[in-house]
Amino acid sequence: MDMDINQRITQWEKMTEADPDNAMGWFSLGNAYKDADRLDDAAKSLEKCIELDATYSRAYQLLGQVLITLKRNDEAGFVLTQGYTIAAAFEKWLRSQETCGLRWQITNHGACDPVMLPADSPYMSAAFDAIKQSAGQPP
């Protein structure tokens with residue numbers, strides 16, 4: 001049985017209350033708020049997601065859409081540019097890897113773990129510098 005939107009919101013609110021550092025929980029809550037047309041709440045949740053995980057490129061995209069709907073176009077343009085920069089840096093990093101396909105790394109236990117973009121990667125560093133410069137901050 002599918003949950004209705006209010007049940008989804010309650011579920012994600014409980015999750016973010018129990019684990020306030022869970023970026024995925026904040027993203028999911030923001031998405032549920034968007035689906036319920038609670039756009040200001042959606043924006044706040046998605047901003048929290050990005051605060052917790054600045055590499056969560058899908059959060060930038062959804063936040064940009066919400067801001068456009070709220071007619072906050074200047075903010076949306078900035079957020080979408082940040083998201084594009086992060087996504088482009090991540091894609092460049094993926095292409096630099098020797099692995100292919102879904103880029104899975106086999107651990108010595110035979111389990112598969114997704115390869116994550118290291119925060120100290122030169123690609124992420126360049127992406128964050130570009131974001132800072134676009135905001136008028138020194139890199």
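## A tour of side-chain contacts

The structure holds six salt bridges. Keep in mind as you go that this is a predicted model.

**Stop 1: Arg-8 and Asp-35.** Select these two and show their side chains: they meet in a salt bridge, with N and O 3.0 Å apart. Now colour the helices. Arg-8 sits in helix α1 (residues 5-18) and Asp-35 in helix α2, so this contact ties together parts that are 27 residues apart in sequence.

**Stop 2: Arg-38 and Asp-41.** Next, select this salt bridge, where the closest N and O atoms are 3.0 Å apart. Asp-41 is partly exposed at 26% relative accessible area, and Arg-38 is partly exposed at 35%.

**Stop 3: Arg-72 and Glu-75.** Move on to another salt bridge, with its closest N and O atoms 2.9 Å apart. Here Glu-75 has a relative accessible area of 38% and counts as partly exposed, as does Arg-72 at 26%.

**Stop 4: the rings.** How many aromatic pairs are there? The count is one. Select Phe-27 and Tyr-56: their ring centres are 5.1 Å apart and their planes meet at 20°, so the pair is stacked. Phe-27 belongs to helix α2 (residues 23-35) and Tyr-56 to the loop between α3 (39-52) and α4 (57-69), so the pair links parts 29 residues apart in sequence. Finish on Phe-27, which is buried, with a relative accessible area of 11%.

Terms used:
Residues are numbered from 1 along each chain as its sequence is written. This is a predicted model: local features need pLDDT of at least 70, side-chain atom pairs count only at pLDDT 80 or more; totals for chains, interfaces and linings use all residues. Side-chain values use heavy atoms; hydrogens and water are left out. Rings of Phe, Tyr and Trp (its six-membered ring) pair if their centres lie within 6.5 Å; planes under 30 degrees apart count as stacked, over 60 as edge-to-face and the rest as tilted. Helices (H or I, at least four residues) and strands (E, at least two) are DSSP runs, numbered from the N terminus. Buried means under 20% relative accessible area, exposed over 50%, partly exposed in between (1.4 Å probe, protein chains only). A salt bridge is a side-chain nitrogen of Lys or Arg within 4 Å of a carboxyl oxygen of Asp or Glu.
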